[in-house]
Amino acid sequence: MAETIKPFALWYHLNKIRWLVLLSVFLMLILLPFIHVYQTFVASFSYDLLEPGEKSLYDLMEMLTSPFTSDPANDLDSIKGTTWSGNFFGFQISDPLSVLGQIASGLTLYWPFIITALIPVVASLVFGRFFCGWICPATLLYELNTTLSLWLHRFGFKSGNRKFDRRLKYLVLAVGLALSAASGSVLISVIYPPAIIGRELYFGIALGGFGAGLVFFVITLLFDLLVARRGFCRYVCPGGALYSLLGRFRLFRIKRIVENCNDCAKCNAVCEFGLDPLHDDFGQECNNCAACIAVCPTDAMTFVIATQDVEFQGAGHLGKQYQRASNAGE
Amino acid sequence: MNRRNFLKDLIAGAVATSALKPALAEAVFSAQSNQRYLRPPGSLSEKEFESRCIRCGQCGEVCPNRCIEYFGLENGIDSLNTPYIVPRAKACILCMKCGDVCPTDAIKELDRNAEDILGHVRMGKARVNENLCLSYQGKTCGVCYRACPLADVAIKTQLLEQPVVLEACVGCGLCERSCIQIPQAIKIIPDHILNPVS
């Protein structure tokens, strides 16, 4: 038996950390509209005129924010926006897709805006499609949706598991940008779930009603549930396409340690993007979500720094197939 | 189809769409709207604004007056999720925070002083309906004049408080918001209706 190589201990826990990050991003998107509503109450000095419910919101928000600021109406402006484009202590960060969409719709380069996508672009070049797995607020709901379909499975519900061509989303990206250019407005934001989630949460909480985007998002949830598991992210999402392209030569990759692998294929089952870790086939679409590392019973998945995936390394050395083959060789 | 051909087709398609752009825009995305809405203060002209705005919603999120709302599909798909203000419902107080936060400068970044506001804000222009206005009917009112943040610059009153809107009016809509007559006797005519771009 070959000497076992253990992956770095933190990698096992990355999946849990990832869920924490996703959850905190999502809670932030819920909190920010409430903070905005609170700010408007403060700015209008209207505490005595508020409804009882609004008063309790005011008190709650005051309790949450008073340790950090004495001037909520102005100071709390320092964190605004969504994952589509946000303002973090005077520092603007935008989704690369928003920049690309704006360039397409305006057919001009507006540099002060383009540089706001610099950090996400560099991070994607290093970590690949990490946004999809680690930050995207829609991912949280989509993964819960997968969990729901597994749960419903116990009660005899058959969720759809069709396969389409993964390159479809690059076509969606191209067509979306072309339509943005043709209409002269950033239409691609209309079909991009993270942008929709951020927007609709704000509409629902602060403006008192969800918009058309919510309908679209629910349709994508149903599509995932009834037609293809994680189908929207795998086959349609234009942002996922862009991040995949950026992350093609990413530095951080997941790699199978063939000596530890027993060919159980749990990694393939758990992979939300339908990739094939068992056969060392990650490709540009892996979002480094580390679910396969967390699920692997024999510690055969780890992170490496490389610009290319390794070629197929053959059957796992703990698996029956490899043992049969090596016995036959003797 | 191999990748090279695919890319070629892609580029050809992009070129074709940009060549067809005006025609397509006319046919599919009927643009010019006659709805009476205002863009946030400091916005670019209507077409430019639509192509610059990325629908991030931050302008609404900083508005201390919560006057900025967002379009659904009622004004066409190309202004979906873009910000607008209906002055009679809630008018702009010209705090200029939306321009500070706008990442694409679809809403220009302006200081909150009379010079910047008078120079760059083009939301629209107030228009008085003298048949409805109480002051013109002999009942001195003058509420619009007192609501105006740029009183005597944007609006002045005559002997019996009859309002006269001046050239400098930026169209914030506070006069329309505060008009005590129903329906309002002073209305903002939005910039995109006053100066329709071809």
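Visitor: What share of the contacts in chain A between residues at least 6 apart in sequence join residues at least 24 apart?

Guide: The share is 71%. A contact here means two residues whose C-beta atoms, placed from the backbone, lie within 7 Å. This is a predicted model, in which local features need pLDDT of at least 70, side-chain atom pairs count only at pLDDT 80 or more, and totals for chains, interfaces and linings use all residues. Residues are numbered from 1 along each chain as its sequence is written, while chains are lettered from A and ligands numbered from 1 in the order in which they are written.

Visitor: What makes up the secondary structure of chain A?

Guide: Chain A has 16 helices and 5 strands.

Visitor: How does the reach of helix α1 (residues 10-43) of chain A compare with the expected span?

Guide: The helix has 34 residues and reaches 46 Å from its first C-alpha to its last. The expected span is 1.5 Å times one less than the number of residues.

Visitor: Where does α1(A) bend?

Guide: At A:Lys16, by about 30°. The bend is the angle between axes fitted to the seven residues ending there and the seven starting there. After α1(A) comes A:Phe45, with a positive phi near 50°.

Visitor: Why is strand β6 (residues 186-190) of chain B called largely enclosed?

Guide: Of its 5 residues, 4 are buried, so the rest of the structure largely encloses the strand.

Visitor: What makes strand β3 (residues 124-128) of chain B a partner of β6(B)?

Guide: Pairing takes at least two bridges found by DSSP. These strands have 5, in the antiparallel sense. B:Val128 stands opposite B:Ile186 in β6(B).

Visitor: Which strands stand at the edges of the open sheet of chain A?

Guide: The sheet has 3 strands in the order β1-β2-β3, paired antiparallel. β1 (79-81) and β3 (91-94) are at the edges, each with a single partner strand, so one side of each lacks a neighbour in the sheet.

Note on methods
Buried ≥ 20, exposed ≤ 12 C-beta atoms within 10 Å, placed from the backbone. Helix = DSSP H or I, 4+ residues; strand = E, 2+ residues; numbered from the N terminus.
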